[in-house]
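Welcome! Here is a short briefing to read alongside the model.

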Amino acid sequence: MPIANASLDFSLPSLDGKQFVRLSEQKRPVLVSFFSQDCPPCVAELPLLIAFAKAQPTWQVILVSTDSMAMNRAFFTRYPVPFLLLRAPVSAQGLLRRFGNSLAVLPFNVAFNREGQCASQLGVLS
């Protein structure tokens with residue numbers, strides 16, 4: 001899926017650091033959710049993201065965590081999720097701003113259609 005706006009493409013490591021995932025290499029529509037476990041609305045929307053991933057198997061859900069590796073390991077061991085988990089750069093604010101989140105607040109979700117066009121930018125999914 002070529003990203004229509006190349007400035008929105010990214011390549012981020014998986015939580016275990018063993019692979020990199022490039023947004024433009026996804027083969028289906030994508031929902032990218034930026035997350036931190038210190039953000040109560042982020043944690044509250046996890047069940048909604050899981051339900052979406054199960055109900056919409058034609059979509060790829062990607063969770064981009066802004067937390068440290070140790071925090072991610074502890075949290076996602078307790079709360080496993082059925083979709084891609086990626087680590088944001090050390091300063092995720094720049095990445096969030098590229099997606100139109102000028103205040104870099106969480107949670108923040110971005111949807112891309114099959115053509116790679118940014119179809120929606122949302123705060124909490126409720």
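A search of the whole structure turns up 1 salt bridge, meaning a side-chain nitrogen of Lys or Arg within 4 Å of a carboxyl oxygen of Asp or Glu. This is a predicted model, where local features need pLDDT of at least 70, side-chain atom pairs count only at pLDDT 80 or more, and totals for chains, interfaces and linings use all residues. Residues are numbered from 1 along each chain as its sequence is written, and side-chain values use heavy atoms, leaving out hydrogens and water.

**The salt bridge**
- Asp-9 pairs with Arg-22, and their closest N and O atoms are 3.4 Å apart.
- Asp-9 lies in the segment before β1 (11-13) and Arg-22 in strand β2 (residues 20-22), so the pair ties together parts 13 residues apart in sequence. Helices (H or I, at least four residues) and strands (E, at least two) are DSSP runs, numbered from the N terminus.
- Asp-9 is buried at 18% relative accessibility, while Arg-22 is partly exposed at 32%. Buried means under 20% relative accessible area, exposed over 50%, and partly exposed in between (1.4 Å probe, protein chains only).

**Helix α2**
- Asn-72, Phe-75 and Phe-76 are the buried residues of α2 (residues 69-78). They cover an arc of only 90 degrees around the axis, which puts them on the same side of α2; the arc is taken from the directions from the helix axis to the C-beta atoms.
- Ala-70, Arg-73, Thr-77 and Arg-78 are exposed on the other side of α2.

**Helix α1**
- The buried residues of α1 are Cys-42, Glu-45, Leu-46, Leu-49 and Ala-53.
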